[in-house]
Amino acid sequence: MTILSNGELTVRVSEHGAELQSIRKGDVEYLWQGDPAYWGRRSPVLFPIVGSVWEGRYRAEGKEFRLGQHGFARDMDFTLVSSTETQARYRLEFSDETLAKYPYPFVLEIAYRLRGNAIDVIWEVENPSEGDIWFQIGAHPAFFYPDYDPEKSGRGSFTFDRTEGLECIRIKEKGCVDVETKWPLDMPDGRLKLERDTFDAIDTIMLQDSQIRRVDMFREDGTPWLSLSFEAPVVGIWSPPGKNAPFICIEPWYGRCDCAGYEGEYRDKDWMNRLTPGEKFRSIYTIEIA
């Protein structure tokens, strides 16, 4: 476990999955602590897929592969390659184990950097091979609802950097989506009200096509709690349906699950990222604590 601290925030990161384990400001914990009664993870990194592939199978380079939801990086041990009091960088490289599930060589680096009340999460994917590679990558951080009371319905609210004309898509079956049906996001007074049963019927709110680049979370009384800012073209918002869970996930994605029934090639999936030989992908998203 690596501990980062700058006098404002204290952050813990595990080498397993290069996963955030804690975000504390003073005595307050903001990051969900992984109770398996609701959901056993905290902030997994999703790679080389986001979400599910149809029937758990995909086709690439003339072969068929099986791959579980969100890929394998979250369940592998990374190497800590550098650290200071306020920064840490981790690396995962391709191996025979990864090539059996995903046919492309890669170098994945994940870094965390503290700046005042903010945490920059930095992703870098490099192609070390002599051919093109394709991948998806995404975040899945879970945050405690402020002032959570299981007996009350209210869970606070969200605002976005856009307030009108937002449309989401939803899971259809087997963890895959229906992209033909768009659901308008109901935001009276420019806010998405969060309730105990918000996700019971819809599972996940998915906004694609870069509709939003920032999510701000507020307490029930309207005071700020935290925010995420990102450049990712897709974002998912999720809390376990039917569990009255104490947390919510805000998930910037460079990728998305398959469309229901998809039988095409991996490289032709929606929201794929391509790297030519020697090319590097880099992205940052920021968590800011109020």
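Author: The model is predicted, so local features need pLDDT of at least 70 and side-chain atom pairs count only at pLDDT 80 or more, while totals for chains, interfaces and linings use all residues. Residues are numbered from 1 along each chain as its sequence is written, and side-chain values use heavy atoms, with hydrogens and water left out.

Reader: Why is aspartate 209 called partly exposed?
Author: Buried means under 20% relative accessible area, exposed means over 50%, and partly exposed is in between (1.4 Å probe, protein chains only). Aspartate 209 has 49% relative accessibility, so it counts as partly exposed.

Reader: What is said of the phi of aspartate 209, and where is this residue found?
Author: Its phi is positive, about 65°, although aspartate 209 is not a glycine. It is found in the loop between β19 (204–207) and β20 (214–218); strands are DSSP runs of E with at least two residues, and helices are runs of H or I with at least four, numbered from the N terminus.

Reader: What makes serine 210 buried, exposed or partly exposed?
Author: Its relative accessibility is 30%, so serine 210 counts as partly exposed. Serine 210 is also in the loop between β19 and β20, and its phi is positive, near 55°, in a residue other than glycine.

Reader: How do you know how many disulfides there are?
Author: A disulfide is a pair of cysteine sulfur atoms within 2.5 Å, and a search of the whole structure finds 0. The sulfur of cysteine 168 is 13 Å from the closest cysteine sulfur, in cysteine 257, and therefore too far for a bond. Cysteine 259 is in no disulfide either; the nearest cysteine sulfur, that of cysteine 257, is 7.7 Å away.

Reader: Why is cysteine 168 called buried?
Author: Cysteine 168 has a relative accessible area of 4%, so it is buried.

Reader: What makes β9 and β10 a pair?
Author: Two strands pair if DSSP finds at least two bridges between them. Strand β9 (residues 87–93) and strand β10 (residues 107–115) have 7 bridges, in the antiparallel sense. Arginine 89 stands opposite alanine 111 in β10.

Reader: What is the peptide bond from phenylalanine 47 to proline 48, cis or trans?
Author: That bond is cis, with omega near 0°. Proline 48 lies in the loop between β5 (45–46) and β6 (57–60).
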